[in-house]
2 protein chains.
Amino acid sequence: MSLNAEELFSERALGFRPSEIRELLKLVDSPEIISLAGGMPDGRFFPIDRVIEASTFALREYGKKALQYGSTEGIKKLRVLLMDRMEKEGVSGIDLDNVIISTASQQGLSLVAQVFVNPGDTVIVEEPSYLGAIQACASMQAEFCTVPLDKDGMQMDILEDRLKELQKAHIRPKFVYTVPNFHNPAGVTMTLERRKKLIELAHTYDLLIIEDDPYGEIRFEGESIPSLLALGGKDRIVALRTFSKISFPGLRLGWIVAREDIMNKIIVGKQAADLCSPALTQYISYEFVSRGWLDDYVAVVRREYPKKKNAMIAALEQYFPAGSSWTDPQGGLFVWAKVPEAIDTAAMFREAISAKVAYVVGIAFYPHRNDNCHMRLNFSAVDPEHITEGIHRLGDLLKSKM
Amino acid sequence: MSLNAEELFSERALGFRPSEIRELLKLVDSPEIISLAGGMPDGRFFPIDRVIEASTFALREYGKKALQYGSTEGIKKLRVLLMDRMEKEGVSGIDLDNVIISTASQQGLSLVAQVFVNPGDTVIVEEPSYLGAIQACASMQAEFCTVPLDKDGMQMDILEDRLKELQKAHIRPKFVYTVPNFHNPAGVTMTLERRKKLIELAHTYDLLIIEDDPYGEIRFEGESIPSLLALGGKDRIVALRTFSKISFPGLRLGWIVAREDIMNKIIVGKQAADLCSPALTQYISYEFVSRGWLDDYVAVVRREYPKKKNAMIAALEQYFPAGSSWTDPQGGLFVWAKVPEAIDTAAMFREAISAKVAYVVGIAFYPHRNDNCHMRLNFSAVDPEHITEGIHRLGDLLKSKM
């Protein structure tokens, strides 16, 4: 008799849904398809020779340690470097115990969800919100309270309404999760005024904030805005950062900043999750950052990505039908496009694949799955010519459906 | 007003206990202390030049891919290699969909716990059991049903008694977790007869088995015994394997073998946990394995570790007091010693540190914390001279307490 695994799965696992990005992207495995569906940096700018130099040096210099178990918190010299880097960005009041290395920021999200979320607990997220955060919270059976974004980020008046409603219902949200810079998928950035308001609301309503900032350093227009962590301090803010967009996702490294009592829980959770992040990639990152090569690479990205974004915006203007709109991000990797309401971007996806172009269906970013008219368009991984052609194909398809 | 984080922690996190290994090992940070407390391979045998060659080649050959996001399942060519390797060990009936890469086997344990364990669910584990598995299950709020080990591994008559008791209580255990080869901490290996009996019991009682086998390839005496997976097939067995002991823990790579419906849940769990394991270390591992260097390295370990183990056994015979006993493993990394019952190994730990020697307190490996007279002694990471001296110091301390 064969085992019936369904009888054994946890409630949590029974609720697991295969990611639709993943399912849909299985269709995108053809070189003819122009994929605007990714969320990857452009590998053509990876300084491979420098990475080889850093990895050879790391293995030569730290060999035994680089191939050995490391501490759960991460390699100390890398943590010091990251702490210094954050202090230069205006973060104060943190010391080494407040900074640990994570297996990229997805692990940060997963650990935060594990540390705070009981089944049925409420978390406040932006609408739309980053899919990986939705997955991490959903895997701990969170309920989602959503606050819509506009061009200036999370709408604070609506957040305040939500907080009042929750208070009336005697529900204490576990945290407010936000991607303040160059939002994934929406491309928008939270203004300084709203950041200050969010911190004020955190004090008024006794809230914890999870600030997820993978893209902040990839600003190619406008002025940097201080992070929530810099503005509000670590007492009410847990910050998640990653090397995946400012250097290389294949290293699987990020870092978490949190006050010590929260960090202690995160560390125990990380021990159970993977004991420690790869020592080898930590030493490579240390060498890469300390030689100034990270800054060099970020400078290249800041110079090259706007060419891609501009190509995308120009193509949207030229090819998308009247009634469409889109965000024009000052950094990051994504444009968020709204199509005329009669069109369902999820239903249209297979036709797009037939037309040799791919995007991510907007509904994937809505915890309540209440939107069918958006698409996430990635410009970082594609060259400008293919962006133009891809948007042209999409525009033609959209027009054919009007 | 400062945030009171205690009010926000999940039930799960409120139950997190800092690992005592971790807490105690903070005391071991002195070069004068001979640490028999580790669980690490001996870095002196790491073939650094070969790793440099593999990593340089991997970056040169697969550069953009090696630094980019990979699929959640892992790099296909590495999975094929591992599948072939397992088939040579006698595993049949698996294909590529049954094998994924994990961020070392701790992640395998964590995902298995997430996929199967609801708070309060029962899991069956050996007594003693691997601490990382206890942590992973405890972090999902499992209850532990324990089955004692003897020199032939898990005691099947006691397992059967436990299964009958659970059945009477209408409790269905989520799985039986076992480390059949060179058990951590106990050093013992499950006999072929017991493996067959375990599989028979799995059919009779409709059980899932989690086979955790980090050490199987590090056999330096006696004959290999087929794995549970080879004997029983994937229907009722999920197998966890890792590179951490057969090559380098610093890569953070392992692999999971499971039937497809279970694997689909594990994959969704892994997406939420860390999206994917490091592509860079996967390509390095592929190069290292495919060039035959893994086999070369395992051969070195198999030649060198028994010298260490023999030094430890000889020193135990010479220096430990009458009334002590220990296992004599045919492979792996650990000897498990029992001290005379009047002595509490946890209470003695700080004195051992004063005597400049460290071990892991036995109680850490007992989910019900019902044993105080064992210690785990690692021989892999220490050279024979220091092993002898460390056991000498421990023996003197034990004798002083009689």
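**Close-up views of a predicted two-chain model**

A:Leu316 is buried, its relative accessible area being 0%.

**Figure 1. A:Leu316 in helix α12 of chain A.**
The helix that holds A:Leu316 spans residues 293-319 of chain A. With a relative accessible area of 0%, A:Leu316 falls under the 20% limit and is therefore classed as buried. Leaving out residues up to four places away in sequence, A:Leu316 touches A:Trp326, A:Val335, A:Leu377 and A:Ile391. A:Leu3 lies elsewhere in the model: its C-alpha is 52 Å from that of A:Leu316, and the two residues are 313 residues apart in sequence.

**Figure 2. B:Leu377 in the largest nonpolar core.**
This core has 305 residues, and A:Leu377 and B:Leu377 touch the most other members. The contacts of B:Leu377, not counting residues up to four places away in sequence, include B:Leu36, B:Met312, B:Leu316, B:Leu333 and B:Phe334. B:Val335, B:Ala337, B:Tyr359, B:Ile391 and B:Leu394 are also touched by B:Leu377. In chain A, A:Leu377 is one of the residues in contact with A:Leu316.

**Figure 3. The interface of chain A and chain B.**
Contacts between the chains involve 90 residues of chain A and 90 residues of chain B. The size of an interface is often given as the accessible area lost when the parts come together. Here chain A and chain B bury about 7,600 Å² between them, and 58% of this area is on carbon and sulfur atoms. Three leucines, A:Leu3, A:Leu8 and A:Leu67, supply 10% of the area that chain A buries against chain B, more than any other three residues.

**Figure 4. Polar contacts and elements at the interface.**
Between chain A and chain B, 44 residue pairs are in polar contact, both residues being at pLDDT 80 or more. On the side of chain A that touches chain B, the elements giving two or more residues are α1 (11-14), α3 (48-66), α5 (104-116), α6 (131-139), α10 (260-274) and α11 (279-290). Of these, α3(A) gives the most, with 11 residues. By class, this side of chain A has 44 nonpolar, 25 polar and 21 charged residues.

**Figure 5. Salt bridges across the interface.**
The rule finds four salt bridges between chain A and chain B. One of them joins the side chains of A:Asp49 and B:Arg60, at 2.7 Å from N to O. In a further salt bridge, the side chains of A:Glu7 and B:Arg172 meet at 2.5 Å, N to O. This pair crosses between chains, from A:Glu7 in the segment before α1 of chain A to B:Arg172 in the loop between α7 (156-168) and β6 (176-178) of chain B. A:Glu7 is partly exposed at 47% relative accessibility, and B:Arg172 is partly exposed at 30%.

**Figure 6. Salt bridges within a chain.**
The structure holds 60 salt bridges over all chains. In chain A, the side chains of A:Lys307 and A:Glu304 meet at 3.2 Å, N to O. A:Lys307 and A:Glu304 are three residues apart in helix α12 of chain A, so about one helical turn separates them. A:Lys307 is partly exposed, with a relative accessible area of 44%, whereas A:Glu304 is buried at 16%. In chain B, B:Lys356 forms a salt bridge with B:Glu32, and their closest N and O atoms are 3.3 Å apart. B:Lys356 lies in the loop between α13 (349-354) and β12 (357-358) and B:Glu32 in the loop between α2 (20-25) and β1 (34-35) of chain B, so the pair ties together parts that are 324 residues apart in sequence. The relative accessible area of B:Lys356 is 30%, which is partly exposed. Salt bridges with shared partners also join A:Arg85, A:Glu89, A:Glu217, A:Arg241 and A:Asp295 into one network.

**Figure 7. B:Lys308, a buried lysine in helix α12 of chain B.**
B:Lys308 has 2% relative accessibility, under the 20% limit, and so counts as buried. The helix around B:Lys308 covers residues 293-319 of chain B. The B:Lys308 side chain reaches the backbone oxygen of B:Ser380 at 3.1 Å. Contacts of B:Lys308, not counting residues up to four places away in sequence, include B:Asp42, B:Arg44, B:Phe45 and B:Phe379. Also touched by B:Lys308 are B:Ser380, B:Ala381, B:Val382, B:Asp383, B:Pro384 and B:Ile387.

How values were computed
Residues are numbered from 1 along each chain as its sequence is written. Chains are lettered from A and ligands numbered from 1 in the order in which they are written. This is a predicted model: local features need pLDDT of at least 70, side-chain atom pairs count only at pLDDT 80 or more; totals for chains, interfaces and linings use all residues. Side-chain values use heavy atoms; hydrogens and water are left out. Contact means heavy atoms within 4.5 Å. Buried area is the accessible area (1.4 Å probe) that two parts lose on being put together, summed over both. A polar contact is a pair of N or O atoms within 3.5 Å; within protein, one must be able to donate a hydrogen and the other to accept it, and residues adjacent in sequence count only if both atoms are side-chain atoms. Helices (H or I, at least four residues) and strands (E, at least two) are DSSP runs, numbered from the N terminus. Ala, Val, Leu, Ile, Met, Phe, Trp, Tyr, Cys and Pro count as nonpolar, Asp, Glu, Lys and Arg as charged, and the others, Gly among them, as polar. A nonpolar core is a set of buried Ala, Val, Leu, Ile, Met, Phe, Trp, Tyr and Cys residues joined through side-chain atoms within 4.5 Å. Buried means under 20% relative accessible area, exposed over 50%, partly exposed in between (1.4 Å probe, protein chains only).
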